[in-house]
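Here is a short briefing for a first look. Keep the sequence and the 3D view side by side while reading.

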Amino acid sequence: MPNEIRRILLPLNCGQIIEPALDVGLRLARAFHAHLAAVLIGDDPNETATLAGEGLSGAMINDMIVNAEHEAQRRLLQTRLTFNKFLATHDIAWSGQDPSPAPAEDARVTTSLDSLSGSQLEQVTWLARLSDLTLIPHLESGDDPRASETLHAALFDSGRPVIIAPPTIPGTLGRRICIAWNGTAEAAVALRAILPCARQAEAVSVLCSPDYQRRGPDGDKAVEYLARHGVDATLIRFTPQDCSVGVALLGACASFGADMLAMGAYSHSRLRQMILGGVTRHVLEHAPLTVMMTR
């Protein structure tokens, strides 16, 4: 069975915990002989003037822009140093650009690091469309707001799977995989996207619940689909805890000993999810394991 993951995009927004994301990226790149393409997204100091609003003099706004430029450079340098240290620690080759043609099966993992200045989420989305996966560092409440914007842009506008790294470096990755199933088109895309990882896993389970299920095939049909692709999966039905499907879903992952969860994102309208929360939002905020999301 040919590998289906050859290029992994890793946007590095400043202010995030990037070590777990780098670790997950390295593990995936080694598992699939893929190229890890990191992108540094710098701050746009000109946005400071827009956010400053009215009532400030030109001199005051200029000082704010200068200070923002200095802070942006400091944060970019810190991120680059962390990235370089990671490469040296794990003896990873830095190619400077995506290798062409694809590396041989026994080739060392390669990586590249490009810098995008200013507000260039559109470019990140375009890069994601030509990547097999986009890997996003875990989101913290105090992170740069553009970190969340990057996640949403990659998830909604790239047409490719997104992997969200856990808050800490995982002990294992992809050995025990859970797949959240509710019969929707989003869940079907997640089921297909996780196949390369599921084929290499030691154990796979399909998680479903009557409270999570929407109009569509039941979980046993998802298990049959996986079997046709050479994946022996078990069906696990879970019950919501305290009326929260998200809590129960992560609880089922913990009971299974999962180190990776695949799921479709935002089964309802995006606005409703952002206002009312939901399973997707809960998983994004509380998942202790690596999560693959698809739209």
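**A buried asparagine and its surroundings**

Asparagine 182 has 1% relative accessibility, so it counts as buried. The model is a predicted one.

**Asparagine 182**

- Asparagine 182 sits in the loop between strand 7 and helix 6 (185-193).
- Its side chain makes a polar contact of 2.8 Å with the side chain of threonine 184.

**Strand 7**

- Strand 7 covers residues 176-180, and four of these five residues are buried, so the rest of the structure largely encloses it.
- Strand 7 runs parallel to strand 8 (residues 203-208), and five bridges join the two.
- Cysteine 178 has serine 205 of strand 8 as its bridge partner.
- Strand 7 also pairs with strand 10 (residues 260-264), in the parallel sense and over three bridges.
- In that pairing, isoleucine 179 stands opposite alanine 262 of strand 10.

**Strand 8**

- Six of the six residues of strand 8 are buried, and the strand is mostly covered.
- Side chains in a regular strand alternate between the two faces of the sheet.
- Here, Ala203, Ser205 and Leu207 point one way, while Val204, Val206 and Cys208 point the other way.
- Residues pointing both ways from strand 8 are buried.
- Strand 8 pairs with strand 9 (residues 233-237) in the parallel sense, over five bridges.
- Serine 205 stands opposite threonine 234 in strand 9. Serine 205 is also the bridge partner of cysteine 178.

**Glutamine 200 in helix 7**

- Helix 7 spans residues 195-200 and includes glutamine 200.
- Is glutamine 200 buried, partly exposed or exposed? Its relative accessibility is 43%, so it counts as partly exposed.
- The side chain of glutamine 200 reaches the backbone oxygen of alanine 31 at 3.5 Å.
- Glutamine 200 and isoleucine 177 are 23 residues apart along the chain, and their C-alpha atoms are separated by 10.0 Å.

**Helix 4**

- Helix 4 takes in residues 121-129, and Leu121, Val124, Thr125 and Ala128 are buried there.
- These residues lie on the same side of helix 4, because they cover an arc of only 100 degrees around the axis.
- An α-helix has 3.6 residues a turn, so residues three or four places apart point the same way.

**The cavity**

- How many cavities of 30 Å³ or more does the structure hold? There is one.
- The largest cavity contains about 40 Å³ of space.
- Which residues line the largest cavity? They are His138, Ile164, Ala165, Pro166, Val283, Leu284, Ala287, Leu289 and Val291.
- By class, that lining has eight nonpolar residues, one polar residue and no charged residues.

Key. Residues numbered from 1 in each chain as written. Predicted model: local features only at pLDDT ≥ 70, side-chain atom pairs only at ≥ 80, totals over all residues. Heavy atoms only, no water. Buried < 20%, exposed > 50% of the residue type's maximum accessible area, 1.4 Å probe, protein only. Helix = DSSP H or I, 4+ residues; strand = E, 2+ residues; numbered from the N terminus. Pairing = 2+ DSSP bridges. 1 Å grid on protein atoms, 1.4 Å probe; cavity = no way out; pocket = protein on both sides within 12 Å on 5 of 7 lines; lining within 4 Å. Points joined across faces, edges and corners; volume = space filled by probe spheres on them. Nonpolar A, V, L, I, M, F, W, Y, C, P; charged D, E, K, R; others polar. Polar contact = N/O pair within 3.5 Å; in protein donor to acceptor, adjacent residues only side chain to side chain. Arc of directions from axis to C-beta.
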